[in-house]
Structures are given as structure tokens and as C-alpha cells.
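I opened a new page in my notebook today. Here is what I looked up, entry by entry.

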Amino acid sequence: MISVVVVGAKTPGNVGTIARAMKNFGFSDLKLVDPPELDRDGEAYGFAGQAREDILPNAEAVTFDEVVEGFHTVGFTATTNEDARKHVRFPFRTPAELAEDLSGVEADVALVFGRERIGLTNEELARLDQICTIPASADYPVLNLGQAATVALYELRGLALGESQLPDVEHERAAEPEIERFYDRFDETLRAVGYPEGKRPKTMRLVRRLVGRAHPTDREITTLHGVLRAVERATRER
């Protein structure tokens, strides 16, 4: 199970925003350390969207000690130590790296986010198992608490989200013989339009690399064949 832990939030709206992001990306267990008052008619519930129905009212008040003692913990921070000589905020993972790292962890995990103004203290971070930070501008790396949690949970959604609203669009590359037939036709078209003989081998390599990176579908290759047929017809009719 992956829990989201918010430590010392001062603004109810940020708690509501985090609850909504959890709902968006498949997380459900919210734990609050020293939370603000969460009035059902206040901004926390106003910002929570559909999470006001389940995640927010089911949020559990816990202590920081309980989180440390009961979970594999990941603390989120905007600033990190710059080298390996200091280990309070180093080594760290980005959310994308953390997603891959946690995929093999068989333990209850707590994603721990800190206060709006100061985040998690060094003393708190020193007690956590891993550190995560969101890559941002060096000029202004500090994100709003709700924003930071939303970005992190989006990157980690694969650990919690069964399926999304998006249709299944697993990419199917066209059959290799069809792609090779396109290369042959392209080469024939270059000949037909009088493309310089000495440039054709290099041009064909470039076309092969371009199409190879694109991983075209059957429909895309068929369309390209159609374009070349039209060029061939126009060349014959000149």
C-alpha cells in the first residue's frame, strides 16, 4: 500500500488539492500529521473535488513517529545537498526515478510532504528512508505544496492506477515487409523524379532512420505509399 502523508500543512486548501490529486492518480490512503481544521464547508472540501466523498473524510491523523516506524518512507524536498559529503538530503531520486525504484519494493510506502513555507525539516528528513525532489528551475525550485504533490503523484501513478480514462493505444508498428516495400518505392520515386544519383544512398539512409524512429503504423505506411503513387502518376503524366 502506498500512503500519502502531509506534515504540518497550514492551509486546508492544500490538503484538499492533494486529496484531489490522489483521486486523479489512483491513490486513496491519506494521512495527516498536525493537520489544520478541515471544515466540511471550508476550502479543503471545496478544493477536493470528488475526493471529498472518500479520501478526505477518511484521512487519518497520525504522528510523525508512527509514519517512520510503520512505513518505508520517502521525503519530498525542493532543495538537496550538492554532493555526497552531506546525507540529509542526498542521495535523491526524481519522481520518475522513484517510480521505477519503488516498483520492486514489497513494503507499505509513505510519500511524505512537508509544510507550505519550510517543507520537511532536516531533522525529519534525517529519519526518512529515501529523498525525492522534483526537477525545477534553479532560479526558483520551490513549488507550492499542492502543486508538488500533484506533480509527484502524477509521476508515480503507475504504482497505484489500474487504468486511466485513455483508450488502449498500444502502438503497433507496421509489418517490416511493408516498411521495406515503402523504402523500395521511395527509392524508385527518387529515380523517377530525377534525384541526383550520387545523393540517393545518403538520402535513403536518412529516410530509413527517420521512418525507423517514427515506428509507423499500418495506416501511416499505407498513406505514405499513396503519396508516392500520386507522385509517380504525376511524373508519368509530365
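Which residue stands opposite V112 in β5, G75 or another? I found that G75 stands opposite V112.

**Ground rules.** I am working with a predicted model, where local features need pLDDT of at least 70, side-chain atom pairs count only at pLDDT 80 or more, and totals for chains, interfaces and linings use all residues. I number residues from 1 along each chain as its sequence is written, and side-chain values use heavy atoms, with hydrogens and water left out.

**Entry 1: the sheet.** I looked up the strand order. Six strands form an open sheet, β3-β2-β1-β5-β4-β6, with parallel pairing. Strands are DSSP runs of E with at least two residues, helices are runs of H or I with at least four, and both are numbered from the N terminus. Two strands pair if DSSP finds at least two bridges between them. β3 (60–61) and β6 (130–132) stand at the edges with a single partner strand each, so one side of each has no neighbour in the sheet.

**Entry 2: around β5.** I followed the pairings next. Strand β4 (residues 72–76) runs parallel to β5 over four bridges. Strand β1 (residues 2–7) also pairs with β5 in the parallel sense, over five bridges. There, V5 stands opposite V112. β1 is joined to strand β2 (residues 29–33) by five bridges, again in parallel. In β2, K31 is the bridge partner of V5.

Is β5 enclosed or open? I checked: five of the five residues of β5 (residues 109–113) are buried, so the strand is largely enclosed by the rest of the structure. Buried means under 20% relative accessible area, exposed means over 50%, and partly exposed lies in between (1.4 Å probe, protein chains only). Both faces are covered, with V109, L111 and F113 on one side and A110 and V112 on the other.

**Entry 3: V62.** I found V62 in the loop between β3 and α3 (64–70). V62 counts as buried because its relative accessibility is 11%. Leaving aside neighbours within four places in sequence, V62 is in contact (heavy atoms within 4.5 Å) with K31, L32, V33, D34 and V67. V62 and V6 are 56 residues apart in sequence, yet 9.9 Å apart in space, C-alpha to C-alpha.

**Entry 4: helix α7.** I took the span of α7 (residues 176–192). Its 17 residues reach 24 Å from first C-alpha to last, close to the 24 Å expected at 1.5 Å a residue. The expected span is 1.5 Å times one less than the number of residues. I179, F182, Y183, R185, T189 and L190 are buried in α7. The buried residues of α7 pack against α8 (200–214) and α9 (218–236). After α7 comes G194, with a positive phi near 80°.

I then picked out L190. L190 counts as buried because its relative accessibility is 8%. Not counting residues up to four places away in sequence, L190 touches Y195, R200, T203 and M204. L190 and V231 are 41 residues apart in sequence and 10.0 Å apart in space, C-alpha to C-alpha.
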